[in-house]
Amino acid sequence: MEERQWQRRRPHTRLNSARSNSSSTSSSKAAEVRLLCARRSASTASRTLLFGTCALLAFRSCEGGLSIDRPEEFVNVLAGTAGGAKGGQHHSTGNVLPLVAAPWGFNHWAPQTVNDQTAWWFDSAADTFRGIRCTHQPSPWIGDYGWFVLRPYLGYDKDEWLGFTSYHAASAIKPWMMDLSVGPDGVRMELTPTSHGAILRVVFPSVVQPGRRKICAWVPDGTKKDADEKRAVKTGRPTGSCQVSAGGINVESRRFAGGVPEEGDYTFHARLEADGHLRAEKDGSVGSTFCFEMNMQYVPLNMPGTDRTTEENANACQRRCQKNPSCKHFTFWPDGGCHIQDGSAKAEKGQDITAGPPNCPVIKTPRQCCFYLGDNTEAVVRIGTSFISSAQAMQALDQEVGTQSYEDARDEMQMTWRAELSAIRVEEAGDASADVLRKLEIFYTCLYRVLLFPRRLDELTPKGVQHWSPYSGKVMDGVGVTDNGFWDTFRTVYPLLALAYPRQLGEIIQGWLNAYLAGGWLPKWASPGYRDSMVGTFADVVIADAIIKNISGFDHQVAWEALKKDAYGINPAPKDTSRGKFGLQHYQDKGYIPVDIKIGEACSRTLDFAFADAAVSVAAQILGQPEEAKKLHARAVQGLRQTYDPYTGLMGHKKADGTFKDVSPETWGDCYTEGSAWHHSFPPFDLDVLEELHDGRDALLQKLQELFTLPSSFKVGTYKVEIHEMREMRMLGLGQYAHNNQPVHHLPVLFAMLGDRNTTYRLVRRILSAAYSPEGFAGDEDNGEMGAWYVLNAMGLYSAAPGVSEDYVLSALPLFDSIHLRDLDIIIEAPDASHSVSPIVAKVLWQAEEVKHHSIPYSALRAGGTLTFEVGSDEKHGAVIKAPRSYSSHSFGDKFVERTKQVVNRMRGAMSTSRRHQDTSSESEDEGLSGVACLGIIAVTIGAVGLLLRTTCRRAIGNEVKPD
C-alpha cells in the first residue's frame, strides 16, 4: 500500500449530521427515551422487546438511530455472576463478581451471599444476603485479600446477620452504586464508592427495635490451615481486628489467599466514621470459626437420641451442638444438614464438609465493631482505606469522601463511569430493536469488565503519589498496580487500552515496571504480589507492545532491564515458578523443554517463552539492541521448529531424546496449559515459519479449517476428570475452538492474515453472537480479557500478535453503524451494519482510500481518522487474496531491517503529527432528515403515544410484561 494512504484526512461525518442540529428539547426527550429503553430485566425477553419498541417509536423516523449518551445504563453488573461454587466449577458463565467500584479502583465492593470459606461467595441466583464486602479478589481461582464485611442487623430470627433480597431488582447493583432492600425487616442498604473509599447509607424501618439498630464492620477469621492464619500465629498479629478510636472505627485486615511477601508489612487499613456522632463499640458477641475443620466429618453422624436437622450455616450447627451437653463435635454438610456427635465419634475426610467443636477459643482481639443508632433510623458511614497506614486511610477519607452527601458522591461516580465508558462511544447503533439493545448491553458490559483491572494501588500521600508494594512489602514512590493475569490479558486487554485509553496504559506500564524495581522480576500473575499461576512471561509482551506502539508515560531504560532479566535470568529459587521462565536452561540448551524431565506444561512453556522472545526481539531492535534482537528472534523460531510434530501437523509432546510421544491431539493437560495441542499449535508471532512447517499456506489454512470443523470431543488427560473448560468448548460446538480458553482467541483472524478474509468475517461474527449474552460469557471472564475480545471485534479490529506487530487485523463487520474512539479521535463507521444479514465486508477504507492489507497499523490509527467498512452482499466480496502480510517475516536480513525501519518511522511520524479539531457540523446538511424535521417527528410521536411511553414502558421496568 502506498504511504499516502496513511496520511491524515478529514473524517466522514455523514452519519452524525442528522442529529447535530437538534434542539435541546429534542435532545432531552431523546435522552429520556434512550434511558428508558436502556433499562432492562436481565432475563426477560418480552421486556427487552418492549423496550426496543419504545425506542423504535422515538427514533425510527430519524436518520441514524440510537446514539448512546449514557453507556453506563447499559451495563449489566450481574452478567457472569450466577452459579456459586458448584455452578462456577461445573459450567462457568464468567465466574465474576458484581463489582461496584471506580474504574481501575483501589477497592471493589460486592454483596456477599454466603459466609463460607470459599472464593465463590456471591451467587446472583441466591436470595441470601450476608453483607457488603470490601474485596480485592480478581478471580475465584486466585482468591481474595485485605477484605472485610459491612453488615447491619437484619432481623432474621434464626440468624440476625442473615437477610434476603433480590439482586435483579431495578437499580439494585450498578457500577457506581448498590441499593438493596433486605428482608425480613426491609432494611435498606446503599453504597457508592470512590477509588479509596465509599459512603454507606443504611435505613432501618421502625419495626426494628432501637437496641438492634446497628451497622458493623467485621473481619472474618479463617481456619488453622489457611496461609494467612499460619502467618498470624508466626508473627503474633491477627488476620483481622477493629478498634474504636475518636468516635469512629479503625479496621485492620491481614486476610489473604497468597501473594503476600514474607518480608515487610502487610495490612489493609480502613477508617469508618458515622454522621451524627453515633455510638461506636466493639462487638464481642461474634464467635470465631478459627477452630472449624474444612473437608472433615465425624462418624457416626448422629449420636444416640439425635437426628439430622437443617441449619443456615456451620455457625448455626455449632450453636446446636452448644445446647447439648453431650455434644463434642458437629458436622455440617453443604446442603444444610447438621449432625452432632459425642466423644466416641471418629474424624474422617469429607468433601466440602465442615466440622468442629461446640466452642472455639475466645477471641482476644475483637474482629467486629459496630455503630449503634439508638432511636435514629438512618446511618451514613464514611469510609477511607489504605495499604500504607491508618493515618493514610483517614487522609483518603478526607480527600475523596469528605462531607459530601451520598447523592452527590453517587452522581459523581456515575459521571466517572459515563466518561470512561464514553471513550468508546457508539454514535449510531441502528434502530432501537431488541437485537441492537442486546448488543449494546453486551458491548458496554464487556467494556465495564475491561475497566476493573488491573487494580491501581497508588495513594496520594503527603509525600506525593506512593504505594505499598506487594512485591517487596515496602512503601514506594509512584504508581502501583496489581490483580492481573498476563497469560490472559496480554491478548486483548492491553491492545484495547492502547486504542481507547493510551494515557492510562502508559501509567499502568510504569506500575508494572515499579513492580520489577521492587521485587526484581516482572510478575506473571499478580494478586497482590507474585502468584504461582499459569506459565509464560507475558508481561514482556505487554511492555514490548507499548514500546512498538510508542505509548508514552513509562521508563524505557527500566523496561529494557526488566525485559532482559526475563529473557535470560535464572530464578535462584529452583522451585519458585511465580517469576521468571521456569525451565529456561532447558529451553536455551535444546530449543525446547522436554516433556519427560518433570517440568509440567512443557509444550506450553516452550511456545509461550518463544512468544515472549519474539516480542522482546522487536522491542530490542527499536531500543537499539540489534544483537539481542537477533539472538532472541532465533530462539523464538527455534521454539516453533523444535516443538512441531510433522506426523500430526500440530505441536507435539517432544521428549529429551528428540522423539515425540504418541498422544491424541484432543488430550488436555500434561504438556499444555488448560487445553490441548489443537489450542496451542498456531502461535501468531511468526506465520512465515508456521507456513513453512506446514508445507505452505494452503496446507496451513486446511489445518485451521480442520480445527473448526472437527467434533468438539476431548480426552481429560492428566486432569483425570472433566473440567468446566472442556464442557464449555463442547457446548460452543465450533470444533476444537474453545473460546472459553484464551490461547485460541486469535485463531479466527489467522484466516484473514493468510488471505481468506471471508472465513474470518464469518467466524468472528458467529462467536460474537454465540459466546456472549446479556447474562454472561462462554467461560471465565478473566480480568477483562473475554470482554475486551468482544469490544475489539465489535469494532472490527483485533491485535493478533501484540508485542510483535503494531497491526490490528480488520476482523469483522462492526456491530454498530458508527463508533467514536475519543482519545485517538478515530471514527469507525459501517453504514447499515446493524441491518446487514451478511457478515461479509466488501472493502475497508481508511481516510476514504481502500485498505489493501488485512490489517492497519497502530501508527496510522493514533493519528486519528475514519475507518469505513462497506457491507458485502455476496460471495464475491472479501474474496481470498494473496496480499502479503504486513509483518510477514522476521528473518534477519534486509526484509526484517526494512520492516523495523518502517515501524520506527511510523512511530516518529505519529509523534509529530499535528492533531487538529475538525468542525463537521455543517457537512451533509441535506442528507436524511433535518434536525428540525427530526424534532417534529419526535414531538408528534411522543405526543401520540405519550400514554404508552409514560405508563406501559415505565411499568415494564418494574413488572413482568408478557407479549400479547
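1. Sheet S34-S35-S40. In this predicted model, three strands form an open sheet in the order S34-S35-S40, and their pairing is antiparallel. Strand S34 (797-798) and strand S40 (855-857) are the edge strands. Each has a single partner strand, so one side of each has no neighbour in the sheet.

2. Strand S35 covers residues 807-810 and runs antiparallel to S40, joined to it by three bridges.

3. Strand S38 and its partners. S38 spans residues 841-846. Five bridges tie S38 to strand S41 (residues 865-871), and the two run antiparallel. Lys843 has Glu870 as its bridge partner in S41. S38 is also joined to strand S39 (residues 849-850), again antiparallel, by two bridges. Here Leu845 is bridged to Glu850 in S39.

4. The S38-S39 turn. S38 and S39 make a hairpin, with two residues between them. Which residue in the turn has a positive phi? Gln847 does, at about 55 degrees.

5. Sheet S24-S25-S26. This is an open sheet of three strands in the order S24-S25-S26, with antiparallel pairing. S24 and strand S26 (475-477) stand at the edges. Each has a single partner strand, so one side of each is left without a neighbour in the sheet. On average, neighbouring strands of this sheet are turned by 45 degrees against each other, direction ignored.

6. Strand S25 (residues 464-468) pairs with S26 in the antiparallel sense, over three bridges. Gln466 is placed opposite Asp477 in S26.

7. Thr461. Thr461 sits in strand S24 (residues 459-461). Is Thr461 buried or exposed? The relative accessible area of Thr461 is 8%, so Thr461 is buried; the cut-off for buried is under 20%. Neighbours within four places in sequence aside, Thr461 contacts Ile388, Gln392, Gln395 and Gln466. Gln466 is also the residue that stands opposite Asp477 in S26. Thr461 and Asp477 are 16 residues apart along the chain, with 9.9 Å between their C-alpha atoms.

8. Helices H9 and H24. H9 covers residues 434-450 and H24 covers residues 785-794. Their axes come within 8 Å and cross at roughly 125 degrees. H9 and H24 are therefore oblique to each other. The crossing of H9 past H24 is left-handed.

9. The H9-H24 contact. H9 brings Lys439, Ile442, Phe443, Cys446, Leu447 and Val450. H24 meets them with Gly787, Ala788, Tyr790, Val791 and Ala794. By class, the contact has nine nonpolar residues, one polar and one charged.

10. Helices H14 and H17. Helix H14 (residues 556-568) packs with H17 at an angle of about 40 degrees, with the axes 12 Å apart. H14 and H17 are therefore oblique to each other. H14 passes H17 in a left-handed crossing.

11. The H14-H17 contact. Trp560, Lys564, Ala567 and Tyr568 come from H14. They meet Glu628, Lys631, Leu632 and Arg635 in H17. What is the make-up of this contact by class? There are four nonpolar, no polar and four charged residues.

12. Gly639. Gly639 lies in helix H17, which spans residues 626-643. Why does Gly639 count as buried? Its relative accessibility is 0%, and the cut-off is under 20%. Not counting residues up to four places away in sequence, Gly639 touches Gly591, Thr606, Leu607 and Ala610. Gly639 and Gly591 are 48 residues apart in sequence, but 5.4 Å apart in space, C-alpha to C-alpha.

13. The whole protein. The protein has 28 helices and 41 strands. Of its 964 residues, 63% are buried. Among contacts with a separation of 6 or more, 72% are between residues 24 or more positions apart.

Definitions and conventions: Residues are numbered from 1 along each chain as its sequence is written. This is a predicted model: local features need pLDDT of at least 70, side-chain atom pairs count only at pLDDT 80 or more; totals for chains, interfaces and linings use all residues. Side-chain values use heavy atoms; hydrogens and water are left out. Axes are lines fitted to C-alpha atoms, for helices over the stretch in contact, and angles run from 0 to 180 degrees between N-to-C directions. Helices (H or I, at least four residues) and strands (E, at least two) are DSSP runs, numbered from the N terminus. Angles under 35 degrees count as roughly parallel, over 145 as roughly antiparallel, 65 to 115 as roughly perpendicular and the rest as oblique. A crossing is left-handed if the near helix is turned anticlockwise from the far one by less than a right angle, and right-handed if clockwise. Contact means heavy atoms within 4.5 Å. Ala, Val, Leu, Ile, Met, Phe, Trp, Tyr, Cys and Pro count as nonpolar, Asp, Glu, Lys and Arg as charged, and the others, Gly among them, as polar. Two strands pair if DSSP finds at least two bridges between them. Buried means under 20% relative accessible area, exposed over 50%, partly exposed in between (1.4 Å probe, protein chains only).
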